[in-house]
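Hello,

Here is the structure we talked about. My notes follow below it.

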Amino acid sequence: MLNKEDLEMRTAFDLTPYRRSTVGFDRLFDAIESSFRAETQDSYPPFDIVRTGEDSYRITLAVAGFRPDEIDITAQRNQLVISGQKTEKDEEGVEFVHRGIAARAFERRFQLADYVEVRDANYEHGMLTISLQRIVPESLKPRKIAIGSREYVNDDTPQLTEDKAA
């Protein structure tokens, strides 16, 4: 039998020793800690994350019961926030015997790596699909450096490189 203390011990990691001995990894540790907190939160709506290429991804959320105009997608620096809020009210005089289609508000947050951008979002048959692409600026991509050569002479005499006519 699993009790609450066992569950807390498995998900409560103390990253303080690592924070003290590293420099510049604050965002990484914040992301790790927030993912631990997110695991204990509500899992609605369900979603899939698929890698579609070397630098491209797709997030698919099951948002049945929501119209596209009731869903908001916000891309901030290194974070994607998807939220939904029903605008319709229940019909008057209607009594639900069973309500299995979720109509509650939701908010999903996804931490994005550097240079990951939202390409597009599509809604079809109750599924919201968001395409992501990692676009690294040319100045940050690795580049090959050509090695030049010069001939060096060990004496101190000046070397003429061009003959100039006087």
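How many nonpolar, polar and charged residues does the lining of the second largest pocket have? Five are nonpolar, three polar and six charged. Ala, Val, Leu, Ile, Met, Phe, Trp, Tyr, Cys and Pro count as nonpolar, Asp, Glu, Lys and Arg as charged, and the others, Gly among them, as polar.

Some background. This is a predicted model, with residues numbered from 1 along each chain as its sequence is written. Local features need pLDDT of at least 70, side-chain atom pairs count only at pLDDT 80 or more, totals for chains, interfaces and linings use all residues, and side-chain values use heavy atoms, without hydrogens and water.

The pocket holds about 270 Å³ of space. Its lining has 14 residues, and Lys86, Glu88, Asp90, Arg99 and Ala103 are the closest to its centre. (A pocket is an open set of points on a 1 Å grid over the protein atoms alone where a 1.4 Å probe fits, with protein on both sides within 12 Å along at least five of seven lines; lining residues have an atom within 4 Å of a point. A volume is the space filled by probe spheres set on the points, which are joined across faces, edges and corners.)

Now the strands (DSSP runs of E, at least two residues, numbered from the N terminus; a pair needs at least two DSSP bridges). E1 (residues 47-53) runs antiparallel to E2 (residues 56-62), with six bridges. A two-residue hairpin links E1 to E2. Arg51 has Tyr57 in E2 as its bridge partner. E2 also pairs with E7 (residues 127-134), antiparallel, over seven bridges. There, Ser56 is bridged to Gln133 in E7.

Last, Ser83, in strand E4 (residues 79-84). Ser83 counts as buried because its relative accessible area is 19% (buried is under 20%, exposed over 50%, partly exposed in between; 1.4 Å probe, protein chains only). Leaving out residues up to four places away in sequence, Ser83 touches Glu70, Ile71, Asp72, Phe106 and Glu107 (contact: heavy atoms within 4.5 Å).

Best wishes

Definitions and conventions
Helices (H or I, at least four residues) and strands (E, at least two) are DSSP runs, numbered from the N terminus.
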